[in-house]
Amino acid sequence: QVQLVESGGGLVQDGGSLRLSCVASGRTFSIYAMAWFRQAPGKEREFVAAISRSGDIIYYPDSVKGRFTISRDNAKNTVYLQMNSLKPEDTAVYYCAAENTIRIITTMTYRYWGQGTQVTVSS
C-alpha cells in the first residue's frame with residue numbers, strides 16, 4: 001500500500017510559478033511510475049504529466065508542455081511538479097498518482113492517489 005501526500009499549492013498571480021511536491025510512503029518508491037492530474041470546477045480530471053520509475057521517460061500534454069516540469073528523487077520518495085508561466089486556466093486541484101509499471105500511463109487508471117492540493121491562479 002502506498003500513501004501519497006501533495007503539498008505546495010496556493011494562490012499565485014497570472015504568470016507566476018509554483019512547485020508542487022508529492023511524498024510517498026513505503027520503501028519501494030522506485031518501482032512506481034508517477035503522474036500528476038488536475039481537476040478544475042465543473043470539468044473532468046485531466047492528465048498533466050508523467051514520469052517513469054527510473055525517470056527516463058517523461059510525457060506532457062500540449063496544454064502544459066514547455067511550462068511544467070516533472071521530476072523525481074527516489075532517495076526522498078518524492079515527485080515534483082515545477083509550474084512556470086501559470087495561467088488562470090491552470091486553476092485546479094492537483095493530484096499525485098502512482099502505479100507499479102515500467103511504462104507511463106496518461107489515463108485515470110493509476111492504483112494510488114493523493115488527496116490533492118489546490119492551485120489558484122488569479123488574473
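The charged end of Arg45 sits over the ring of Trp113, 5.2 Å from the ring centre. A charge counts as sitting over a ring if NZ of Lys or CZ of Arg is within 6 Å of the ring centre and within 35 degrees of the ring normal. The charged end of Arg45 also sits over the ring of Tyr95, at 3.8 Å from its centre. These values come from a predicted model, in which local features need pLDDT of at least 70 and side-chain atom pairs count only at pLDDT 80 or more, while totals for chains, interfaces and linings use all residues. Residues are numbered from 1 along each chain as its sequence is written, and side-chain values use heavy atoms, with hydrogens and water left out.

Trp113 also belongs to a cluster in which ring pairs link Phe37, Phe47, Tyr59, Tyr110 and Trp113. Rings of Phe, Tyr and Trp (its six-membered ring) pair if their centres lie within 6.5 Å; planes under 30 degrees apart count as stacked, over 60 as edge-to-face and the rest as tilted. The structure holds six aromatic pairs. One of them, Tyr32 with Tyr112, is edge-to-face, at 6.0 Å centre to centre and 85° between the planes. Tyr32 is in strand β4 and Tyr112 in strand β10, 80 residues apart, and the pair links these distant parts of the chain. Strands (E, at least two residues) and helices (H or I, at least four) are DSSP runs, numbered from the N terminus. Both Tyr32 and Tyr112 are buried; buried means under 20% relative accessible area, exposed over 50% and partly exposed in between, with a 1.4 Å probe and protein chains only.

The rings of Phe47 and Tyr59 have their centres 6.0 Å apart as well, but their planes are at 25°, so this pair is stacked. Phe47 lies in strand β5 and Tyr59 in strand β6 (residues 58-59), so the pair ties together parts that are 12 residues apart in sequence. Phe47 is buried, with a relative accessible area of 11%, whereas Tyr59 is partly exposed at 42%.

The next topic is the nonpolar interior. In soluble globular proteins, nonpolar side chains tend to be buried together. A nonpolar core is here a set of buried Ala, Val, Leu, Ile, Met, Phe, Trp, Tyr and Cys residues joined through side-chain atoms within 4.5 Å. The largest such core has 30 residues, of which Leu4, Met34, Trp36, Val79, Leu81, Met83 and Tyr94 touch the most other members. At least two residues of this core come from each of β3, β4 (32-39), β5 (46-51), β7 (68-73), β8, β9 and β11 (117-122). A second, separate core has eight residues, including Ala35, Ala50, Ala97 and Ile105.

Val79 is found in strand β8 (residues 78-83) and is buried, with a relative accessible area of 0%. Contact means heavy atoms within 4.5 Å. Leaving aside neighbours within four places in sequence, the contacts of Val79 include Leu20, Cys22, Met34, Trp36, Ile51, Ile70 and Cys96. With neighbours up to four places away again not counted, Met83 touches Gly16, Ser17, Leu18, Leu20, Arg67, Phe68, Tyr94 and Val119.

Leu4 stands opposite Ala24 in β3.

Two of the residues that Val79 contacts, Cys22 and Cys96, are joined to each other by a disulfide, with an S to S distance of 2.1 Å. A disulfide is a pair of cysteine sulfur atoms within 2.5 Å, and the structure holds one. With -85° about the S-S bond, the link of Cys22 and Cys96 is left-handed. Cys22 lies in strand β3 (residues 18-24) and Cys96 in strand β9 (residues 92-100), so the pair ties together parts that are 74 residues apart in sequence. Cys22 counts as buried at 0% relative accessibility, and Cys96 counts as buried at 0% too.

Thr101 lies in the loop between β9 and β10 (112-113). At 14% relative accessibility, Thr101 counts as buried. Not counting residues up to four places away in sequence, Thr101 touches Ile31, Ala33 and Arg53. Thr101 and Leu11, 90 residues apart along the chain, have their C-alpha atoms separated by 34 Å.

Conventions:
Pairing = 2+ DSSP bridges.
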